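Subject: Structure handover

Hi,

Here is the structure I promised to pass on. Please open it first, then read my notes below.

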Amino acid sequence: MFLFYLGLFWTLLINMTAAQSKFTPVRPPSLPLAVKSPYLSTWFPAGSEGGNGGYLPGQWPTFWTGQITGWAGLIRVDGNAFIWMGAPKDINTANQVAYEYTSTRSIFTIEVDGKISMKITFLSPLTPNDFKRQSLIFSYMQVEVSSLDGANHDVQLYTDISAEWVSGDHGDVAQWDFGTTDDISYHRVWKQIPMLFSEKSDQSEWGNIYYATDSADGLTYQSGADNDVRGAFARDGKLANSKDSNFRAINSNWPVFAYAVDLGSVGSSATSTLFSIGLCQNEAIQFLGKDGVTTLPSLWKSYFSDDFAALSFFHKDYSESSRLSTELDDKVAKDSIAAAGENYLILTSLAARQAFGAVQLVGTSDKPYLFLKEISSNGNTQTVDVVYPASPIFLYTNPELLKLLLDPHFENQEAGHYPHKWSIHDLGTHYPNATGHPDGNDEWMPLEECGNMLIMLLAYVQRSKNTDYIRAHYPMLKQWAEYLVEDSLYPANQLSTDDFAGPLLNQTNLALKGMIGLEGMSQISSLIGEDADSKNYTDIAHDYITQWMDLGTNKEDNPPHTILNYGNWSTHGLLYNLYNDALLKTNLVPESIYTQQSNFYPTVKKNYGVPLDTRHDYTKSDWEVFVAAVASIETRDMFLGDLARWVGETTTSKPFTDLYETVNGRHPNGIEFKARPVMGGMFALLALP
Ligand SMILES: *[C@@H]1O[C@H](CO)[C@@H](O)[C@H](O)[C@H]1NC(C)=O
Ligand SMILES: *[C@@H]1O[C@H](CO)[C@@H](O)[C@H](O)[C@H]1NC(C)=O
Ligand SMILES: *[C@@H]1O[C@H](CO)[C@@H](O)[C@H](O)[C@H]1NC(C)=O
Ligand SMILES: *[C@@H]1O[C@H](CO)[C@@H](O)[C@H](O)[C@H]1NC(C)=O
């Protein structure tokens with residue numbers, strides 16, 4: 001009897017665990033698969049609003065926007081086929097038991113029929129100090145297979161991609177071919193009529209998508225209609241080595257580009273198969289710089305003669321690329337845990353690929369640039385107040401990357417392409433166009449952007465010691481500083497970076513950015529021996545901050561706190577610009593303000609965090625981490641703990657949003673910020689000196 005119950009207990013336990021995957025460190029809203037640039041950005045929706053909980057078998061991967069980028073995986077074990085990725089029709093799904101993410105990897109463990117164990121590693125390498133590797137728009141998928149039950153099994157592996165990878169408009173006609181180069185087999189897919197520098201649903205409409213693997217024994221390939229090709233594999237365990245030459249619309253009998261690998265008899269030692277997926281575009285960006293509008297090539301063109309050389313290098317570089325990525329994973333893990341513990345690592349390691357996945361190295365090896373897409377908020381190019389919240393990850397991993405983001409701004413404005421005396425907001429209404437705003441009709445955020453430019457420049461120079469950078473741009477820096485002198489004490493009615501909340505006058509937090517920007521300008525001047533300027537700017541900054549302490553603080557409240565805007569005593573907000581004072585070591589703001597804010601935030605916290613300000617219950621996770629970085633340990637841990645819990649519990653299913661409701665954890669009505677580079681701000685603690 002006892003044995004019977006014990007047996008029943010174990011059966012129940014096994015059935016229960018069979019349905020559930022472990023998620024380490026947590027189940028994020030969307031799992032990064034191939035996330036490498038604004039146009040190679042495939043994710044797996046997990047949160048319940050549009051996702052399946054994070055189970056690779058049974059649902060399609062998607063572009064960051066949500067449209068499907070078909071990517072399928074099947075396995076045949078002793079003659080029976082199972083799905084391990086995607087949602088092909090009429091085939092049983094295998095059983096996911098674990099998912100884990102690091103800064104560069106998503107790793108799934110999947111069990112097939114109780115017989116075979118699979119470990120699928122999606123690696124989007126990050127090599128911030130190695131531009132040759134970082135410039136390649138490619139990502140790996142490694143599939144390891146071994147016996148689960150100790151017996152040997154007859155195994156064939158299958159994977160395909162659909163033509164959905166080449167356009168956001170599925171009625172568009174795709175073309176494709178298959179070939180080999182350097183012992184590598186590749187499927188190449190492109191839009192039959194490419195449209196240079198154009199997007200549809202945020203996907204790029206030019207360039208070649210490659211799906212490649214080793215030309216090993218036992219490899220077969222096929223292009224053709226999805227159900228036919230997948231059906232052939234499920235039935236035969238191999239493909240016909242045939243090409244479908246009926247080029248057609250992406251959604252017309254859904255052409256797919258497939259491989260099958262006969263792994264033969266698989267025992268307990270793992271066999272591994274490597275796939276590379278990527279996008280090759282010769283031309284990357286249209287830029288209005290010192291020579292007028294020019295076309296900037298992808299930076300990898302400086303290192304590789306053509307697509308095939310790039311593909312071959314990438315595919316054969318797996319062990320080195322993997323080693324460098326592990327180095328980064330380990331560094332982020334060690335530093336995050338040392339800075340603020342495991343909750344903090346949940347945030348940094350999820351943000352790393354997302355932040356780097358919104359930027360792209362372009363230009364030439366002697367004049368490289370880093371271009372950034374604002375992504376979901378509206379697709380602007382090189383937005384200053386998006387570069388700014390993203391900047392901590394670049395300051396932490398390689399400050400030169402921040403310089404490469406600032407360079408195009410200086411080049412554009414110093415060439416006289418912007419008519420206003422304040423800093424431009426962005427370099428183009430839509431990526432990949434960085435054709436500026438010669439008419440001056442950008443989204444004005446004058447105080448915000450002047451402050452951001454001065455702060456980012458100084459943060460870069462302090463870390464690089466590159467004072468020549470100041471000399472090269474001093475007149476422009478002074479022009480922006482003059483604007484701060486004019487506007488920071490009583491900021492005019494204007495937008496701050498939180499433009500979705502609307503304009504407001506006399507914003508306390510915005511004023512603080514201007515004042516720290518001025519104190520930063522004093523340091524900038526002093527670094528190149530402009531001592532009179534330095535003295536003048538620090539005098540002004542100190543005069544302003546003394547007045548700001550009275551104008552911007554409600555001292556009567558218990559506990560006291562800064563207010564949203566002057567005279568509006570019952571308001572409050574996240575004073576995230578205080579972070580700059582610590583980042584630059586300007587020591588402009590008295591310690592009492594740091595303490596006051598640390599004591600105040602816990603009194604207004606909601607379930608998942610502290611609202612951005614008194615206008616709404618939503619908050620911005622990037623600003624929460626900026627605030628946490630300069631708070632007391634208790635308050636810091638409150639912010640990081642709530643945010644890490646939100647990551648694991650939120651019902652949102654789009655890549656890591658920076659704007660969410662603190663009460664229910666959802667996107668605010670009508671605003672879905674997702675996949676934005678601003679999550680580089682998760683690294684705010686690690687960017688501090
Ligand atoms: C970029 O500019 C070109 C014109 O030069 C235009 O055809 C294209 O649609 C623009 N791209 C986007 C994404 O707006
Ligand atoms: C800004 O605040 C100051 C000080 O409270 C006030 O005198 C001024 O009127 C405000 N500005 C505007 C435009 O309301
Ligand atoms: C200090 O800066 C202010 C504001 O930009 C300017 O009007 C003034 O002439 C400067 N003074 C000196 C001594 O440079
Ligand atoms: C005071 O703050 C509230 C938000 O709490 C805002 O809606 C309102 O516009 C502000 N009032 C003024 C006069 O700026």
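Which residues in H6 meet which residues in H7? From H6, they are Ala-352, Ala-355 and Phe-356. Their partners in H7 are Ile-393, Phe-394 and Thr-397. Please keep in mind that this is a predicted model.

Some background on the two helices. H6 covers residues 342–356. H7 covers residues 384–397. They pack at an angle of about 95°, and their axes are 10 Å apart. Angles of 65 to 115 degrees count as roughly perpendicular, so H6 is roughly perpendicular to H7. By class, the contact of H6 with H7 has 5 nonpolar residues and 1 polar residue.

Next, ligand 4. Which residues are around it? They are Leu-504, Asn-565, Asn-568, Thr-571, Thr-614 and Arg-615. By class, this shell has 4 polar residues, 1 nonpolar and 1 charged.

- Asn-565: an N or O atom of the side chain is 2.8 Å from an oxygen atom of ligand 4.
- Asn-568: a polar side-chain atom lies 2.4 Å from an oxygen atom of ligand 4.
- Thr-614: an N or O atom of the side chain is 3.1 Å from an oxygen atom of ligand 4.

How much of ligand 4 does the protein bury? Taken alone, ligand 4 exposes 360 Å². The protein buries 50% of that.

Over to you.

Best wishes

Notes. Residues numbered from 1 in each chain as written. Chains lettered and ligands numbered in written order. Predicted model: local features only at pLDDT ≥ 70, side-chain atom pairs only at ≥ 80, totals over all residues. Heavy atoms only, no water. Axes fitted to C-alpha atoms, helices over the stretch in contact; angles between N-to-C directions. Helix = DSSP H or I, 4+ residues; strand = E, 2+ residues; numbered from the N terminus. Parallel < 35°, antiparallel > 145°, perpendicular 65-115°, else oblique. Contact = heavy atoms within 4.5 Å. Nonpolar A, V, L, I, M, F, W, Y, C, P; charged D, E, K, R; others polar. Near = heavy atom within 4 Å. Polar contact = N/O pair within 3.5 Å; in protein donor to acceptor, adjacent residues only side chain to side chain. Areas by Shrake-Rupley, 256 points an atom, 1.4 Å probe, with all protein chains shown as cover.
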